Amino acid sequence: MKRIQTNNRILMWIDERLPIFSYAEENLASYPTPKNLNYWWNYGSLAGIVLAIMIVTGIFLAMNYQPHADVAFQSVERIVRDVNYGWLLRNLHSNGASMFFIVVYIHMFRGLYFGSYKAPRELLWMVGITIYVLMMATAFMGYVLPWGQMSFWGATVITNLFTAIPVIGEYIVIWVWGGFSVDAPTINRFFVWHYLLPMILFMVVVIHLWALHVNKSSNPLGIEVKSSADMIPFHPFYTIKDMYGLGIFMIVYMYFVFFAPDFFGEPDNYIPANPMVTPPHIVPEWYFLPFYAILRAIPDKLGGVAAMGMAIVILYVLPWLDTSKVRVATYRPIYKQLFWIFVVNIILLGWLGQKPAEGTYLIMSRLSTAYYFIFFLILPLVGKFEKTKQLPVSIFEEVAKKHRAKEDK
Amino acid sequence: MSDTSDTASTGTTADEIESAPRRDFLLISTTTLGLAGVGMAAWPFIYSINPAKDVLALSSTEVDLSAIEEGQAITVMWRGKPVFIRHRTEDDIASAASVDLSELRDPETDKERVKKPKWLIAIGICTHLGCIPSGQKLGDKKGDFGGWFCPCHGSHYDTSGRIRKGPAPFNLPVPEHAFTDETSILIG
Ligand code: HEM
Ligand code: FES
């Protein structure tokens, strides 16, 4: 590591013993970054900021929230009505969860389009999928906490997925519940996990960044960095760009927080949990819908759960399924089409996930599910037979060309 | 790392080579013992989140059936679970009895499932993913087989509580119960 030099003796004294300033300088300020990153590269730092917002709002909510089946619902209502700015904390937190998923989904599709999962960034990608899985677990358990009808029945249906496991499934679900149904012990432990998992998530994010800083960012051309002319320091160029993106993001986020706080929610969750009555139409939170559609597309209980699990597991092996040497879809005519169909297909699956699983919807869910898997399984063949386009020579030249074209106009 | 192992290898004596298998043995056995210890220490933690004794304490529920008219059904709580009690009509009984066992996903005759044909008693939790099927109230959707319909993913149960259509794998389970007299039962 290069050590910072400054005339401030206190800073130097600290840095010689614990080089936090040198470390920050190396990883945040002079950190070499490809010149040509576009706005799709904003979503990583955005996700980090949203995580911080979730943790801070969550901790302050926890100071007034009661994780007990008898009073959980009232305690959330009290937060919203009586606690000073409780309504704000809650709206920031509940809408923050949706924003978090939007940001992370865009971040993941960015990776998919620009081949960010390819060598040497396979582990970076896999750590990212782990973050995604932890996020889903956290959000699922958070949604149980307000203890409304959707909380309760969502928890019931999702935990019952374990019963699909042959022989031991029954025992596992009782172990998870701490009883014979979702009940007081369940909400208590879910609260503990909901508090703990984001801390673990935070540590996994640190590992994610560690892996990122070894091989550094990829770029929209997907070619390797060749010389220092291809790079610019992170600060001030990308700190400014990230801040600008954050501003735009905040406008959208705050719109929901202040003007449509229940947009992403389900009205049924304002009915206190009732273990004796299942609402006629239960749906999970929007960010789980594509997986829910896959679950329901398969007419067999174990099969449905297995397909849903595979839909996630397959993301882990993606770096080995995609054998193409070219990273970015722009230069891969076939992959590019498959990619865009994949995006539309996921949205379609999400839409199907909130429709009843019958008739035409069911048939469509099956076709959609099939494409989800075909997309991944066909990649080794695409990598082999696709005729890719000519790659640019260097980042520097490509950027210079663009500038010349602009000046000529 | 590399230079320490270098000195180690150049400094190896015949004595040390001979003792290598003994060291491996010690290493493997201590590691095994250590892991077993960690496993045993972990068990109380893992087991602590299983249902506690007060949750497990079995209770039985006594129900008076005399007020339930033919064609009506009630739901009672037993061990935190809803139990469906349906006073079946002649048609219900006939249709439950007439089914060919080979048509059933989880084959059970109606006789095996009831103590008295008029009364069907079953745990009202869908065997798919645990929702409560509708069909207890008069206006409810009862599904294609006149029993219950689960709104969550569309499982249809017949008038004997057997799964007939949809993703659920098993029939609605019949809890242990006994008639204490003509019109009352003890569940559990
Ligand atoms: C990864 C970050 C997190 C995600 C994705 C997340 C997600 C959620 C979701 C979806 C809800 C339900 C919102 C609603 O409908 O009201 C919720 C509630 C809650 N969360 Fe979090 N959360 C996160 C971090 C945290 C942290 C770190 C804490 C602090 C200990 C926390 C404490 C709470 C509390 C007390 C509630 C119940 C109050 C309420 O429902 O508004 N959360 N969370
Ligand atoms: S829970 Fe009843 S059909 Fe899925």
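**Figure 1. Surroundings of A:Ser116 in the predicted model.** Beyond its neighbours within four places in sequence, A:Ser116 is in contact with A:Arg110, A:Gly111 and A:Arg121. The model shown here and in the other views is predicted. A:Ser116 belongs to the loop that runs between helix H5 (86-113) and helix H6 (122-144) of chain A. Its relative accessibility is 13%, under the 20% limit, so A:Ser116 counts as buried.

Figure 2. Most peptide bonds are trans. The bond that joins A:Ala119 and A:Pro120 is cis, with omega about 0°. A:Pro120 sits in the loop between H5 and H6 of chain A, and A:Ser116 lies in the loop between these helices too. A cis bond also leads from A:His235 to A:Pro236, where omega is near 5°. A:Pro236 is placed in a helix, H10 (residues 234-259) of chain A.

Figure 3. Most residues other than glycine have a negative phi. A:Val167 has a positive phi, near 65°. It is found in the loop between helix H7 (149-159) and helix H8 (169-177) of chain A. With a relative accessibility of 75%, A:Val167 counts as exposed. For A:Lys216 phi is likewise positive, near 65°. A:Lys216 is in the loop that connects helix H9 (184-215) with strand S2 (231-233) of chain A. A relative accessible area of 25% makes A:Lys216 partly exposed.

Figure 4. A:Arg366 is a residue of helix H14 (residues 359-377) of chain A. Leaving aside neighbours within four places in sequence, A:Arg366 makes contact with A:Ala297 and A:Pro299. The relative accessible area of A:Arg366 is 37%, so the residue is classed as partly exposed.

**Figure 5. The disulfide of chain B.** A disulfide is a covalent bond between the sulfur atoms of two cysteines. Over all chains the count comes to one disulfide. It joins B:Cys131 to B:Cys152, with an S to S distance of 2.0 Å. The torsion about the S-S bond is about -90°, so the disulfide is left-handed. The two cysteines are 21 residues apart, and the pair links distant parts of the chain: B:Cys131 is in the loop between strand S4 (119-123) and strand S5 (146-150) of chain B, and B:Cys152 is in the loop between S5 and strand S6 (155-158). B:Cys131 is buried at 1% relative accessible area, and B:Cys152 is buried at 4%. Two further cysteines are buried: B:Cys126, with a relative accessibility of 4%, and B:Cys150, with a relative accessible area of 2%.

**Figure 6. Chain A, for context.** Chain A contains 16 helices and two strands. Its radius of gyration, 24 Å, is close to the 22 Å given by the globule rule for 409 residues, so chain A is as compact as a globular protein of that length. Along the principal axes, its C-alpha atoms fill a box of roughly 70 × 60 × 45 Å. Of the 409 residues, 48% are buried. Among contacts between residues at least 6 apart in sequence, 78% join residues at least 24 apart.

Conventions
Residues are numbered from 1 along each chain as its sequence is written. Chains are lettered from A and ligands numbered from 1 in the order in which they are written. This is a predicted model: local features need pLDDT of at least 70, side-chain atom pairs count only at pLDDT 80 or more; totals for chains, interfaces and linings use all residues. Side-chain values use heavy atoms; hydrogens and water are left out. Helices (H or I, at least four residues) and strands (E, at least two) are DSSP runs, numbered from the N terminus. The radius of gyration is taken over C-alpha atoms; the globule rule is 2.2 Å times the number of residues to the power 0.38. Buried means under 20% relative accessible area, exposed over 50%, partly exposed in between (1.4 Å probe, protein chains only). Contact means heavy atoms within 4.5 Å. A disulfide is a pair of cysteine sulfur atoms within 2.5 Å.
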